[in-house]
Amino acid sequence: SRACGHRVASASRRRHRQALWKAGKNAPERANAARMMEIAWEILRYAGEHDKSFPDSINVLLEKEYLKPPLEPKSLLTGRPYVYVAAGKKQPAKSSDAAQFVLLYDDNACQGWYECVFAVGTGGSVRVEELKEQLRKREK
């Protein structure tokens with residue numbers, strides 16, 4: 001039947017996606033994104049315990065043991081430290097603002113984009129020019 005064929009095709013696509021996910025499991029880009037997410041979640045946990053204020057530096061997270069070695073806040077792609085741009089700022093009150101608020105990013109620009117993590121705990125990317133504009137507005 002037609003419905004059965006649809007289920008088979010859907011299951012086949014699902015297996016294909018799973019195979020692709022597994023194949024990329026050891027990809028440096030995926031590991032780098034996961035590391036940034038782990039740091040971001042601890043930044044958000046810190047803010048939740050400190051009147052919605054982000055820590056003054058990533059080192060605060062290490063000193064207060066939110067992050068524990070061997071985790072280092074460095075890019076797995078370049079070895080350079082991630083750029084933490086939320087230091088001392090307040091967590092945005094509106095989720096729509098938090099979804100665009102960059103916490104930290106990897107300065108390894110790829111085709112005009114930075115890999116980053118937003119203040120809602122999700123990873124993604126932001127255009128280099130958009131991030132510059134966001135940071136300029138934060139300084140006002």
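**Close-ups of a pocket and its neighbouring strands**

**View 1. Who lines the largest pocket.** D97, Q100, F101, F118, S125, V126, E130, Q134, K137 and R138 form the lining of the largest pocket. This is a predicted model, where local features need pLDDT of at least 70, side-chain atom pairs count only at pLDDT 80 or more, and totals for chains, interfaces and linings use all residues. Residues are numbered from 1 along each chain as its sequence is written, and side-chain values use heavy atoms, with hydrogens and water left out. A pocket here is an open set of points on a 1 Å grid over the protein atoms alone, where a 1.4 Å probe fits, with protein on both sides within 12 Å along at least five of seven lines; lining residues have an atom within 4 Å of a point.

**View 2. What the pocket is made of.** Its volume, the space filled by probe spheres set on the points, comes to about 260 Å³. Helices (H or I, at least four residues) and strands (E, at least two) are DSSP runs, numbered from the N terminus.

View 3. β1 (residues 83-84) runs antiparallel to β2 (residues 102-110), joined by 2 bridges; strands count as paired if DSSP finds at least two bridges between them. V83 sits opposite Y105 in β2, and over in β3 the bridge partner of Y105 is C116.

**View 4. The β2 and β3 hairpin.** β2 and β3 (residues 113-118) pair up antiparallel over 5 bridges. The hairpin has 2 residues between the strands, and Q111 takes a positive phi near 50 degrees.
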